[in-house]
Amino acid sequence: MIKMDVFHGFLEAIHHLPEMAQSEQLTDEERVARAKAVMRAKTDRGLALDLEACVNCGYCSEACHFYQSTPDPKYTPSRKLDLLRRLHARETSAFAPVRRLFMRDITVADLMEWQELVYDSCTECGRCSLVCPMGINTARGVNVMREALYEAGLAPLELQAVAQEQAGRGTVFGVGPDELRQTVDALRAQGISIPLDEPHADIMLVSTVIDVLLYQDALGAAARILNHLGASWTLRSAGFEAANFGLLSGSEALQKAASKRLIDEALAIGAKTVILPECGHAYPALRWEARLENGQPLPFEVLAVSEYVGREITSGRLKAVPLAPAATGEVSRKITYHDACKLARHGGVMDEPRAALKALGMELIETTPTAEQNWCCGGGAGVFLINRAESLRHKAWQIKREQIDATGADAVVVSCASCRLNFMAGAEADQWPTKIESVVEMVARQLPA
């Protein structure tokens, strides 16, 4: 059961994040120098090819929810790389000496302008890359721009504040080991067995601040499924936070530090698998970006919880009791599924959540388009936390709402808590009646007795 007072309290806390940020005082010259240093260092052969390959066809604008919902040409995905493209042309391209003669240098005013373009109006969803005839990885270029702006002290204050808290205090929105233990105690009081800080386990389950504060049922559902399977698993209070605000803000150092907490705990208990919660950006942060300190791949498997559940159902190890109409009293059991961008488009996790939902005996109606081409919810990559982006974010979400309404489904099921937050905020603003469900919670409700 979601406590709406906690939800509203979380939204209120977001409004006060800028007051908590500790901004470094830099001159304009220092900001530009720092940003350019990052941009130069990150422009490798692959990125340089992307920057030079754009033919300005405009197809990417048709795939961008921010452009389509405005439509404002400044939100065209290819434009978001123009500043990086200019620096490459002037300083690292084959014809840089010539181009410097007629192409102006980057200024702090440019950096300020690009803050909105790479933070407020880009969720790094990757949809633009799917339609790009040149296969340009715009999301990667945007991420480089975020790193450049963070080093220049120009990341949004909201993201700076949370990244600094996570790095300095090891908490996120004030949630740390003590708050995790309180939530574990509350779930245990409901009769759910949750092993905490076990010295050895095959599976390490991790969570997020959102689950600890708001979606405790999702954490409880994951625990119930693991217990039902008889898995050897544990939560670790010293390394449970999967949200990575270094990745979202653009700080590579803070991103690695946040991942290291999880890696160290998984190594300490000899985990073979780390299961991530319903959190989109946590997936690429640990599964694709994280490495051991020596640069080697992680010695354990990293799975999203919906991915894990879908695998177990497909293998036959996990059974779900199909939902009977008489048990619910509902006239219709039509659902649709929202593919989180980082899971589906970036990670290929599409079949597993669907396998889990189909096992519940409900009618799954696909959106148009669906799976890897599905529209983004508009709130990912930290955009949900940026206060000034609220109006723009809501316009983008309305594309998602219309897509779901067209299915005629009674409920939309998600596998990402950030998407869930954005859906809840949009639903409240528009008085949208469609129910918002979680994959892992729906499966846990249908476990055999």
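## Parallel sheet

Four strands form an open sheet in the order 6-5-7-8, with parallel pairing (strands pair if DSSP finds at least two bridges between them; strands are DSSP runs of E with at least two residues, helices runs of H or I with at least four, numbered from the N terminus). Strand 6 (363-364) and strand 8 (435-438) are the edges, each pairing on one side only. Strand 5 (residues 334-337) pairs with strand 6 over 2 bridges, and Ile335 stands opposite Leu364.

This is a predicted model: local features need pLDDT of at least 70, side-chain atom pairs count only at pLDDT 80 or more, and totals for chains, interfaces and linings use all residues. Residues are numbered from 1 along each chain as its sequence is written, and side-chain values use heavy atoms, with hydrogens and water left out.

## Salt bridges

There are 32 salt bridges (a side-chain nitrogen of Lys or Arg within 4 Å of a carboxyl oxygen of Asp or Glu). One of them joins Asp110 and Arg86 at 3.1 Å, N to O. Asp110 lies in helix 8 (residues 108-120) and Arg86 in helix 6, so the bridge ties together parts 24 residues apart in sequence. Both residues are buried (under 20% relative accessible area; exposed is over 50%, partly exposed in between, with a 1.4 Å probe and protein chains only).

Glu441 and Arg420 meet at 2.9 Å, N to O. Glu441 belongs to helix 24 (residues 439-445) and Arg420 to helix 23, so this pair links parts 21 residues apart in sequence. Glu441 and Arg420 are both buried.
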